[in-house]
Amino acid sequence: MIAVLSILAPIFGLIGLGLWIRRSGHAPEEHWPTVEQLCFRLFFPAMIILSLVEADLGGAAVGGMAATMLTAMTSVSVLTFLIRKPLQRFWGVEAPAYTTVFQASTRWNGFIALAIALELYGAEGGALVAVAMAALIPVINIANVTLMATLLSDTKPEMARILLEIAKNPLVQGCAAGLAINLSGVQIMDTLRTLLELLGHAALGVGLLTVGAGLRVRYALKPSRDIWLTVALKLALTPLIAAAAALAFGLTGDAFEIAMICASVPTAMNGFILARAMGGDAPLYAGAVTVQTAVAALSMPAIIVLAQAIGG
């Protein structure tokens, strides 16, 4: 446990530092969107490309990782969808708040997962997280955008438009490029490899700072039951389902532990932007991200230690 805490502490410390920098005014709030865009459009795609280029896609863990994460995400999505009517009837959760509960329970922060996997398992760990990202990003975005368009708009969602927006996602493009290069067998030039490595190094530190800068403490000071529901679904139920799926798909050792890392990270901040743009409950989402991140700082060390005991 001490070894795991010593690795996770700097990662969550960077997140806390990002929050402090933004709140203290040392980097004004209006500057952070530019930094976030650099991470989203340049740093993280470069890291994903290099991780997938160097990944052993023929390894037994690759298919199991993708299947495990898709099973966990799909299961939680279906369950969250099925409880929509009870939430509306007994809790008074209307469509804007419900879509936020759905988003915050199904999205995941791949940036945090990448940082932890690279620290604990090196390049091979980062490659498996990149595989999980390649599998999950399109499916998660299709599910969330379709649900929000259906519940929050009078017009039916246009699947062609949704797919086009997903195809324009830099992370999706990075996954596609990395997989294409790997499968083609083409060797990238040393100069390009070094460039991707340098951009990838920037992704971790700067990306974690932006995660912290995106947290909104004022929305999380008195967490509502909707927020605690997302915590239960995302940080408790998802790891449980992922553990069962990982064992069923034959993941062991490092692969099992990395799957549990991916399953136990908090939700991602990009859902806040979507909620605000499509009429969801954006303040609720900001509160859910903030509370989940705080809880994950405590729950992830325990989950990783348990995964090491089970998967070993």
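Let's start with Phe-44, which counts as buried because its relative accessibility is 1% (buried means under 20% relative accessible area, exposed over 50%, partly exposed in between, with a 1.4 Å probe and protein chains only). A word on the model before going further: it is predicted, local features need pLDDT of at least 70, side-chain atom pairs count only at pLDDT 80 or more, and totals for chains, interfaces and linings use all residues. Residues are numbered from 1 along each chain as its sequence is written, and side-chain values use heavy atoms, with hydrogens and water left out.

Phe-44 takes us to the aromatic rings. The structure holds two aromatic pairs (rings of Phe, Tyr and Trp, the last by its six-membered ring, pair if their centres lie within 6.5 Å; planes under 30 degrees apart count as stacked, over 60 as edge-to-face and the rest as tilted). Phe-44 and Phe-111 form a stacked pair, 3.7 Å centre to centre with 15° between the planes. This pair links distant parts of the chain, with Phe-44 in helix H2 (residues 32-53) and Phe-111 in helix H6, 67 residues apart. Helices here are DSSP runs (H or I, at least four residues), numbered from the N terminus. Phe-111 is buried too, at a relative accessible area of 18%.

Tyr-98 and Phe-102 form a tilted pair, 6.4 Å centre to centre and 50° between the planes. Because they sit four residues apart in helix H5 (residues 95-106), about one helical turn separates them. Tyr-98 is buried at 2% relative accessibility, and Phe-102 is buried with a relative accessible area of 4%.

Now follow H6 to its helix partners. The axes of H6 (residues 110-152) and H12 (residues 270-278) come within 11 Å and cross at roughly 25°; axes are lines fitted to C-alpha atoms, for helices over the stretch in contact, and angles run from 0 to 180 degrees between N-to-C directions. H6 is therefore roughly parallel to H12 (under 35 degrees; over 145 is roughly antiparallel, 65 to 115 roughly perpendicular and the rest oblique). On the H6 side, the contact (heavy atoms within 4.5 Å) is made by Val-145, Met-148, Ala-149 and Leu-152, and on the H12 side by Leu-274, Ala-275 and Met-278.

What angle do H6 and helix H11 make where they pack? About 85°, with the axes of H6 and H11 (residues 253-264) 10 Å apart. H6 and H11 are therefore roughly perpendicular to each other. Among the residues making this contact are Ile-116, Leu-120 and Tyr-121 of H6, and Asp-254, Glu-257 and Ile-258 of H11.

Key:
Helices (H or I, at least four residues) and strands (E, at least two) are DSSP runs, numbered from the N terminus.
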